[in-house]
Amino acid sequence: KRSRFRQRRGWSEEDLLKVAQRLFPSITFQFRQPGQRRAVLTTFGTTFHEQVILILGTGSGKTLIPMLSASLPDAGTTIMMIPMVALRIDMIQRFNAVGIPSVIWSVECKESPSFVIVSAEAVCNDSFLEYAQGLVFRQKLDRIIIDECHLTITTNDYRPCMTQVGWFIRQI
């Protein structure tokens, strides 16, 4: 299974700061707190990590991770599962504001942009599974990010698809 993944380049902190500064040219970009810096280096640095769990407070700069993912020179497609509609709309606006093309996945989606937002319900269907596996097959999928992942545990009593998200992600 690992042989299907393309080799990833490890990025230095300096390189990552340059990409972030291109996204936010109106400010002298620096990591806002040690947790944000560590998350960026763990996700994109020179040491490969198959899974990264990021726990930071509200407003601490977690969105920088998917923005960098979609903006690196060798970027493939980053899929971000966002379980709440309001957060999906906010994320699209934030990505558009910095010039990152993004789409909200639907069954008709055949393209492979740098950033794809998907709902929890959409993750749990065969059409999405086929789309994501196609990205893997073509070596276009960089990473899958699950925003608000605690909801897979805390909302599964009234959102049945949340109990299935893990199974579907593992199939990819």
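Start at Ile 100. Leaving aside residues up to four places away in sequence, Ile 100 touches Leu 23, Met 67, Ala 70, Ser 71, Phe 95, Ser 114 and Phe 115. The model is a predicted one. Ile 100 belongs to the largest nonpolar core, which has 27 residues. Val 40, Phe 44, Leu 68, Ile 100 and Phe 115 touch the most other members of that core. Which elements give two or more residues to it? They are α1 (13–23), α2 (34–44), α3 (64–71), α4 (85–97) and β3.

Now step back to the whole chain. The protein chain has eight helices and four strands. From the N terminus on, the elements run α-α-α-β-α-β-β-α-α-β-α-α. The chain has 172 residues, and buried residues make up 43% of them. Take the contacts between residues at least 6 apart in sequence: 70% of these join residues at least 24 apart. The chain exposes about 9,900 Å². Carbon and sulfur atoms supply 53% of that area.

Look next at helix α1. Its buried residues are Leu 16, Leu 17, Val 19, Ala 20 and Leu 23. They cover an arc of only 160° around the axis, so they sit on the same side of α1. An α-helix has 3.6 residues a turn, so residues three or four places apart point the same way. What about the other side of α1? Glu 14 and Arg 22 are exposed there. The cover over the buried residues of α1 includes α2 and α3.

Leu 64 lies in helix α3. Is Leu 64 buried or exposed? Its relative accessible area is 4%, so it counts as buried, the cut-off being under 20%. Leu 64 and Ala 20 are 44 residues apart along the chain, yet their C-alpha atoms are separated by 7.9 Å. Not counting residues up to four places away in sequence, Leu 64 touches Ala 20, Phe 24, Phe 29, Phe 31, Gln 36 and Val 40.

Ring pairs link Phe 24, Phe 29 and Phe 31 into a cluster. A pair of aromatic rings is described by the distance of the centres and the angle of the planes. Rings pair if their centres lie within 6.5 Å. By this rule there are six aromatic pairs. In one of them, the ring centres of Phe 29 and Phe 31 are 6.0 Å apart and the planes stand at 85°, which means the pair is edge-to-face, since angles over 60 degrees count that way. Phe 29 and Phe 31 are both buried.

A tilted pair is formed by Trp 105 and Tyr 131. Here the distance is 6.1 Å centre to centre, with 45° between the planes. Where do the two residues sit? Trp 105 is in the loop between β2 (102–104) and β3 (115–118), and Tyr 131 is in helix α6 (residues 126–137). They are 26 residues apart, and the pair links distant parts of the chain. Trp 105 is buried, with a relative accessible area of 7%. Tyr 131 is buried too, at 8%.

Now turn to the strands. Strand β1 (residues 77–81) has five of its five residues buried, so it is largely enclosed by the rest of the structure. In a regular strand the side chains alternate between the two faces of the sheet. In β1, Thr 77, Ile 79 and Met 81 point one way. Thr 78 and Met 80 point the other way. Which strands pair with β1? Strand β4 (residues 141–146) runs parallel to it, joined by five bridges. Met 81 has Ile 146 as its bridge partner in β4. β3 also pairs with β1 in the parallel sense, over four bridges. There, the bridge partner of Thr 78 is Phe 115. Phe 115 is one of the residues that Ile 100 touches.

Finish in a loop. Gln 139 is found between α6 and β4. Most residues other than glycine have a negative phi, and most peptide bonds are trans. Gln 139 is not a glycine, but its phi is positive, about 55°. Its relative accessibility is 36%, so Gln 139 counts as partly exposed.

Definitions and conventions: Residues numbered from 1 in each chain as written. Predicted model: local features only at pLDDT ≥ 70, side-chain atom pairs only at ≥ 80, totals over all residues. Heavy atoms only, no water. Phe/Tyr/Trp six-rings, centres within 6.5 Å; stacked < 30°, edge-to-face > 60°. Buried < 20%, exposed > 50% of the residue type's maximum accessible area, 1.4 Å probe, protein only. Core = buried A, V, L, I, M, F, W, Y, C linked by side-chain atoms within 4.5 Å. Contact = heavy atoms within 4.5 Å. Areas by Shrake-Rupley, 256 points an atom, 1.4 Å probe, with all protein chains shown as cover. Pairing = 2+ DSSP bridges. Arc of directions from axis to C-beta.
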